[in-house]
Amino acid sequence: MVTKDTNILVAVQNYPFISEVFRKYGLGCVGCMIAAGETLGDGISAHGLDADAIIAEINKIIAERK
């Protein structure tokens with residue numbers, strides 16, 4: 001599972017399939033150099049999106065794939 005404080009790069013390395021959620025919302029975080037130093041909460045919010053809702057969606061996908 002991930003939280004708002006989880007580093008973007010770490011999240012994608014641990015759960016590569018969550019990249020599909022980033023693409024769904026037009027987030028280029030996965031290929032962005034800033035991802036190495038930014039949290040999911042900061043990265044998602046910086047794009048004007050609801051970080052809590054998107055992180056909940058990511059965690060739902062993680063739980064389904066376990």
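Helices here are DSSP runs of H or I with at least four residues, numbered from the N terminus. This is a predicted model, so local features need pLDDT of at least 70 and side-chain atom pairs count only at pLDDT 80 or more, while totals for chains, interfaces and linings use all residues. Residues are numbered from 1 along each chain as its sequence is written, and side-chain values use heavy atoms, with hydrogens and water left out.

**View 1. Helix α4, end to end.** Helix α4 takes in residues 51-65, 15 residues in total. From first C-alpha to last it reaches 21 Å, close to the expected 21 Å (1.5 Å times one less than the number of residues).

View 2. Tucked away are A51, I54, I55, I58, N59, I61 and I62 (buried means under 20% relative accessible area, exposed over 50%, partly exposed in between, with a 1.4 Å probe and protein chains only). An α-helix has 3.6 residues a turn, so residues three or four places apart point the same way.

**View 3. An aromatic pair, Y15 and F17.** The count of aromatic pairs comes to one (ring centres within 6.5 Å; planes under 30 degrees apart are stacked, over 60 edge-to-face, the rest tilted). The ring centres of Y15 and F17 sit 6.1 Å apart with planes at 70°, so this pair is edge-to-face. Y15 is buried at 17% relative accessibility, whereas F17, at 23%, is partly exposed.

How values were computed: Helix = DSSP H or I, 4+ residues; strand = E, 2+ residues; numbered from the N terminus. Phe/Tyr/Trp six-rings, centres within 6.5 Å; stacked < 30°, edge-to-face > 60°.
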